[in-house]
Amino acid sequence: MATEVSTPRVEAATPTADLQELARRHLWMHFTRMSAYADSEIPVIVRGEGSYVYDEHGRRYLDGLSALYCVNVGHGRAELAEAAAVQARELAFYTNWSYAHPRAIELAARIAGLAPSGLDRVFFTSGGAEAVESAWKLARQYHGVRGEPTRTKLIARDLAYHGTTFGALSATGLTSLRQPFEPLVPGNCHVPNTNSYRWAEDRDPLWAADAIEERIEFEGAATVAAVILEPVQNAGGCFVPQDGYFQRVREICDRHGVLLISDEVICAWGRLGHWFGSERYGYIPDIITTAKGLTSAYIPMGAVIASDKVFEPFRYGDEMFTHGFTFGGHPVAAAVALANIDLMEREDLPGRVREHEGALRAMLERLREIPIVGDVRGAGYFCAIELVRDQETKETFDHEEAEDLLRGFLSGELFRRGLICRSDDRGDPVVAFAPPLVAGPEQFDEIEAILRPVLTEAWERVQRR
């Protein structure tokens, strides 16, 4: 059974009809085709409880995406709201610019105690993109103060998403997101990802790792600051690493004096069954970026976790990391993060993921019976299925077909039937899942009960084209 949580119901202050009208007139939603709601309702979510959310009409939805890979402890945790209220009454805000406050100090120590060995320095941000932006700047300045100012470049992977601020977007390997804002920050380059579903069967399983070394050598090692990788790559559909991949990458980075950044904005805080995704795959990076599940998104917060090696040049003398954010380490956010970690430890949510991830995976594997399901992949509570025209040949869909399949049918139909997940064609078409860590077999059965008939109907639609 899923972990039960309870939250008091709070009625919306604004009538439903007014909310729709106000949203159309004033709210500019993120990554949203606003024209899609010209003649249809905007989904307005008004409350949440456990693995479920409710819209303005009282309809219940299984939140199979943890909102956006982030509500790890589930919705409606009153103790997190209470932690925010208590802190706001005591000290609502003070800056970390040359000052400290108790909650930032306590949280930094708590994170350092959970992070991989040697990652003991925590620099707070307001979210994930800011964490990635900060990590690249830190890597560049680290090399600069050590007498290697030409080390400025960042190597990332094809299709990887690292955020939308200019530096993070430059690391992002998605052409459709990059092109509208080019030229981007110079010094970014990309290498193949680990999507072995699209590889030749006889390909060396570590060729994608070796491609990183080839790119470092091509760029010139003396110009490369860092490599940034997610433990499991989100964009493209939960690409997991091959056995030994991160160990090879660690060796390559050490050989060439390049820092390894583990982007764990999604993959930390129990999502993969461990506090940090790098723990699951047995590697120790130089820098970790994190956000989302740090507070379970009850309030915005992110962090850069740096190794003692990276901090060392800033320890003595006049050097400082010339970077910061007004709200980095916000007292209220830090208090919520501490309460969030307390809750995760008390209920052993990372252990819960390890206990039940097999059931989630087995449910998705059963969907291979439907001809449109080509691949099932992922780790922990972070999985995706790839959709294909032909299982045997792995033939995918063209742009028009994918548009009709995902936006024209799947996304809306799954939501209509009460399931929130993510239909995505950044790469080949996939449906992604990242339920709250409190979910269990009961919720997985609900997902299958909705997903199976919708995918079956999707396949029938493909056949009729």
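**Entry 1: α8 and α9**

I started with helix α8 (residues 207-219) and helix α9 (residues 245-256), which pack with their axes 8 Å apart at an angle of about 15 degrees. I kept in mind that this is a predicted model. Angles under 35 degrees count as roughly parallel, so I wrote down α8 and α9 as roughly parallel to each other. I also looked up the hand of the crossing, and α8 passes α9 in a right-handed one.

Next I asked myself which residues of α8 and α9 make the contact. From α8 I listed Ala 208, Ala 209, Asp 210, Ile 212, Glu 213, Ile 216 and Glu 217. From α9 I listed Tyr 245, Arg 248, Val 249, Ile 252, Arg 255 and His 256. Sorted by class, the residues of this contact come out as seven nonpolar, one polar and five charged.

**Entry 2: α13 and α15**

I then turned to helix α13 (residues 349-366) and its packing against α15. Their axes lie 10 Å apart, and the angle is about 15 degrees. The crossing of α13 and α15 is right-handed.

On the α13 side I noted His 356, Ala 359, Leu 360, Met 363, Leu 364 and Arg 366. They meet Pro 441, Phe 444, Asp 445, Ile 447, Glu 448, Leu 451 and Arg 452 of α15. My tally for the contact of α13 with α15 reads eight nonpolar, one polar and four charged.

**Entry 3: α4 and α12**

Is the crossing of α4 and α12 left-handed or right-handed? I found a left-handed one. The axes of α4 and helix α12 (residues 331-347) come within 8 Å and cross at roughly 35 degrees.

In α4, I marked Arg 103, Ala 104, Glu 106, Leu 107, Arg 110 and Leu 114 as contact residues. The contact of α4 with α12 has nine nonpolar, no polar and five charged residues.

**Entry 4: the second largest pocket**

I moved on to open space. The second largest pocket holds about 910 Å³. I counted 27 residues in its lining, and Asn 96, Val 122, Phe 123, Phe 124 and Phe 321 lie nearest its centre.

Which elements each supply at least two residues of that lining? I wrote down α4 (102-114), β4 (119-125), β10 (302-307) and α11 (308-311). The largest share, five residues, comes from β4. By class, I have 18 nonpolar, six polar and three charged residues in the lining of this pocket.

**Entry 5: the cavity**

How many cavities of 30 Å³ or more does the structure hold? I found one, and about 60 Å³ of space lies in the largest cavity. Lining this cavity are Phe 397, Glu 401, Asp 404, Leu 405, Ala 458, Arg 461, Val 462 and Arg 465. Two elements give two or more residues to the lining, α14 (399-416) and α15 (441-464). I sorted the lining into four nonpolar, no polar and four charged residues.

Then I checked the bond between Glu 182 and Pro 183, which is a cis peptide bond with omega of about 5 degrees. I placed Pro 183 in the loop between α7 (175-178) and β6 (188-191).

My last stop was Cys 238, which is not a glycine but has a positive phi of about 55 degrees. I found Cys 238 in the loop between β7 (224-229) and α9.

Notes: Residues numbered from 1 in each chain as written. Predicted model: local features only at pLDDT ≥ 70, side-chain atom pairs only at ≥ 80, totals over all residues. Heavy atoms only, no water. 1 Å grid on protein atoms, 1.4 Å probe; cavity = no way out; pocket = protein on both sides within 12 Å on 5 of 7 lines; lining within 4 Å. Points joined across faces, edges and corners; volume = space filled by probe spheres on them. Helix = DSSP H or I, 4+ residues; strand = E, 2+ residues; numbered from the N terminus. Nonpolar A, V, L, I, M, F, W, Y, C, P; charged D, E, K, R; others polar. Axes fitted to C-alpha atoms, helices over the stretch in contact; angles between N-to-C directions. Parallel < 35°, antiparallel > 145°, perpendicular 65-115°, else oblique. Left-handed = near helix turned anticlockwise from the far one by under 90°. Contact = heavy atoms within 4.5 Å.
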